[in-house]
Amino acid sequence: MIRECIVTTQNRAGVVHIAPIGLIEEGEHLVIAPFRPSLTLDNLRENPAAVANYTDDVLVFAGCLTGRRDWPTRPAATIAGAVLEQALAHAELRVVAVAEDAVRPRFRCAVVHEAAHAPFRGFNRARAAVVEAAILVSRLHMLPADKIDREIAYLQIAIDKTAGPRERQAWDWLMEKVTEHRAKNKEERRA
Ligand SMILES: Cc1cc2nc3c(=O)[nH]c(=O)nc-3n(C[C@H](O)[C@H](O)[C@H](O)COP(=O)(O)O)c2cc1C
């Protein structure tokens, strides 16, 4: 079971970093598995704690992948960490074990505090589509163009039928990123 959420970490100086991460459930623990290199990984080494922010605001997911990382936070209750203002609920995590790996080290975390802040108001297909598209965008450099096109065409249906303004904005940011990536590739091939 993987929970797609917004993970906040901070370095020794207290600078907060926000990133969408899939937390892996393993019994009572949550595992953070950041690819190398990443700021989340660097921060976990400096300050072995994190906040799992459970949010349905997909603008934060799309924003983080398109250079818009400046989302409001407040200090966590029990760890040196930051809680995203948009979180419906959050869990404060302490790293209890690290499994080193050349590609993707795994930080096993214990949940030391949990709190709920706002009600969950049901699933929305456009939000799910934005999360899927965000994953595609995070892998643009690895995936073939025709696979990306096919998946975007399918996800677009849910956007057209069920999106509100925030989901539409999130989708537009991600589609701009796909277009930019393709223009850059085309230029590089020409050079
Ligand atoms: C839904 C979702 C889940 C993700 N899960 C992971 C993950 O488990 N590990 C990871 O390294 N990156 C994951 N990513 C990609 C990161 O969000 C992105 O690459 C991020 O910038 C990590 O690098 P950073 O810590 O330097 O910001 C995920 C992206 C999305 C949209």
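1. Glutamate 100 is exposed, with a relative accessible area of 52%, where exposed means over 50% relative accessible area, buried under 20% and partly exposed in between, computed with a 1.4 Å probe on protein chains only. The model is predicted, so that local features need pLDDT of at least 70 and side-chain atom pairs count only at pLDDT 80 or more, whereas totals for chains, interfaces and linings use all residues. Residues are numbered from 1 along each chain as its sequence is written, and side-chain values use heavy atoms, with hydrogens and water left out.

2. Glutamate 100 forms a salt bridge with arginine 36, the closest N and O atoms being 3.5 Å apart; a salt bridge is here a side-chain nitrogen of Lys or Arg within 4 Å of a carboxyl oxygen of Asp or Glu. Arginine 36 lies in the loop between strand 3 (29–32) and helix 1 (39–46), and glutamate 100 in the loop between strand 7 (89–99) and strand 8 (106–116), so the pair ties together parts that are 64 residues apart in sequence. Helices (H or I, at least four residues) and strands (E, at least two) are DSSP runs, numbered from the N terminus. Arginine 36, at 40% relative accessibility, counts as partly exposed.

3. The count of salt bridges comes to 12. One of them joins the side chains of arginine 127 and aspartate 56 (3.1 Å, N to O); arginine 127 lies in helix 3 and aspartate 56 in the loop between strand 4 and helix 2, so this pair ties together parts that are 71 residues apart in sequence. Arginine 127 is partly exposed, with a relative accessible area of 25%.

4. Aspartate 149 forms a salt bridge with arginine 182, with 2.8 Å between the closest N and O atoms, and the pair links distant parts of the chain, since aspartate 149 is in helix 4 and arginine 182 in helix 5, 33 residues apart. Both residues are partly exposed, aspartate 149 with a relative accessible area of 39% and arginine 182 at 29%. Elsewhere, salt bridges that share partners join Glu26, Arg106 and Arg108 into one network.

5. The largest nonpolar core has 32 residues, and those with the most contacts inside it are Trp71, Leu84, Val130, Ile152, Ile159, Trp171 and Leu174; such a core is a set of buried Ala, Val, Leu, Ile, Met, Phe, Trp, Tyr and Cys residues joined through side-chain atoms within 4.5 Å. Helix 2 (58–65), helix 3 (125–138), helix 4 (145–162) and helix 5 (165–190) each supply at least two residues of this core, and helix 3 gives the most, with 8 residues. Apart from this core lies another, of 16 residues, among them Ile21, Ile32, Leu93 and Val95.

6. Leaving aside neighbours within four places in sequence, tryptophan 71 is in contact (heavy atoms within 4.5 Å) with residues including Ile18, Leu59, Leu84, Arg166 and Trp173.

7. Strand 1 (residues 2–10) and strand 2 (residues 16–26) run antiparallel and are joined by 9 bridges, two strands being taken to pair if DSSP finds at least two bridges between them. Their hairpin has 5 residues between the strands, and glycine 14 in this hairpin takes a positive phi near 90°. Strand 1 also pairs with strand 4 (residues 49–54) in the antiparallel sense, over 3 bridges. Valine 7 has alanine 19 as its bridge partner in strand 2 and alanine 52 in strand 4.

8. Glutamine 10 has its place in strand 1 and is buried, with a relative accessible area of 11%. Neighbours within four places in sequence aside, glutamine 10 is in contact with Val15, Val16, Asn43, Asn47, Ala80, Gly81 and Ala82.
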